[in-house]
Amino acid sequence: MQVVCKNGLTLQHFQHLSSCPEVCHGITTRRGGTSAPPFDSLNMACSVGDDTVHVAANRRRLGGRFDGMDPVYLKQVHGNTVAVLDGAVAGEVSHLPGEADAVVTDRPGYLLTILVADCQAVMLYDPVRSVIANIHSGWRGSIANIIGRTVAVMKERFACRPADVLAGIGPSLGPCCAEFINFRSEIPDSLWSYRVSENHFDFWALSRDQLIDAGLRPPHIEVGGICTRCRSDLFFSYRAAKVTGRMAAVIGLTSLSRESRRP
């Protein structure tokens, strides 16, 4: 991943998405915000016990990094529901109604936002159809294959071809730290092939395989490969601290995406 510092914020970027001017994206670190410990300092979540004044200030800082883009948040519940931001809900919307852990849109001007602290944020972009998606995939979402469901929505609602789609898997719990001592009751035995030691699993490999199974081409998939628990100095990690903040992973279509679709 590429590290980009701008306007006082340090963001992680996927290299292949960074080469597409019609899409903007980034994943925050825990640095550069206003929150006090244990949420220090760029906590983006209102639901973890942080002062909402600090969260609002942090969100404004992120918004300032993406001029003119409206952040759209989900009520994440570790499920496999995929929301669609279309004409029925477009306009000034900061939170989509209902519960969902992934969102898809072809509308420019919105920052699809996922909040994470060890879970994967998986970003998708179809440069042919100008469609984006952002996915919250923790271990429960991985088991439910929310990644495959999201690609299916892109196909069904927007006529996307999976072979055209670019994907990025963000910093998250790596196989070094993804320990599940109760995996026999929590994880289906069909996924035990991703076990890398007695109790540890490689969910990065699982997500990559789910993307490939959904039709994506392997060269189009970029895995961040950074473990949030190992780098809790840079990222929020629920496994490391329990009471902690959340990073924001954002992706949006710029006005250039609309221009690119003109005949």
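Predicted model: local features only at pLDDT ≥ 70, side-chain atom pairs only at ≥ 80, totals over all residues.
Seven strands form an open sheet with mixed pairing, in the order E1-E2-E3-E13-E8-E4-E6. Strand E1 (2–6) and strand E6 (95–99) are at the edges, and each has a single partner strand, so one side of each has no neighbour in the sheet. On average, neighbouring strands of this sheet are turned by 30° against each other, direction ignored.

Within the sheet, strand E8 (residues 110–116) and strand E13 (residues 247–253) run antiparallel and are joined by six bridges.

## Cysteines

The count of disulfides is zero. A disulfide needs two cysteine sulfur atoms within 2.5 Å. For Cys 160, the closest cysteine sulfur is in Cys 20, 14 Å away, which is too far for a bond. For Cys 230, the closest one is in Cys 176, at 3.6 Å, and this is also too far for a bond.

Cys 160 is buried, with a relative accessible area of 6%, whereas Cys 230 is partly exposed, at 48%.

## The cavity

A search of the whole structure finds one cavity of 30 Å³ or more. The largest cavity holds about 30 Å³ of space. Its lining is made up of Ile 187, Leu 191, Tyr 194, Phe 201, Asp 202, Phe 203 and Leu 206.

Most peptide bonds are trans, and most residues other than glycine have a negative phi. The following residues depart from these patterns.

A cis peptide bond links Pro 37 to Pro 38, with omega of about 5°. Another cis peptide bond links Asp 40 to Ser 41, with omega of about -5°. Pro 38 lies in the loop between E3 and H2, and Ser 41 is also placed in the loop between E3 and H2.

Asp 118 is not a glycine, yet its phi is positive, at about 110°. Asp 118 sits in the loop between E8 and strand E9 (120–126) and counts as buried, at 8% relative accessibility. Ser 130 has a positive phi too, near 55°. Its place is the loop between E9 and strand E10 (131–137), and Ser 130 is buried, with a relative accessible area of 0%.

Conventions:
Residues numbered from 1 in each chain as written. Heavy atoms only, no water. Pairing = 2+ DSSP bridges. Helix = DSSP H or I, 4+ residues; strand = E, 2+ residues; numbered from the N terminus. Axes fitted to C-alpha atoms, helices over the stretch in contact; angles between N-to-C directions. Buried < 20%, exposed > 50% of the residue type's maximum accessible area, 1.4 Å probe, protein only. 1 Å grid on protein atoms, 1.4 Å probe; cavity = no way out; pocket = protein on both sides within 12 Å on 5 of 7 lines; lining within 4 Å. Points joined across faces, edges and corners; volume = space filled by probe spheres on them.
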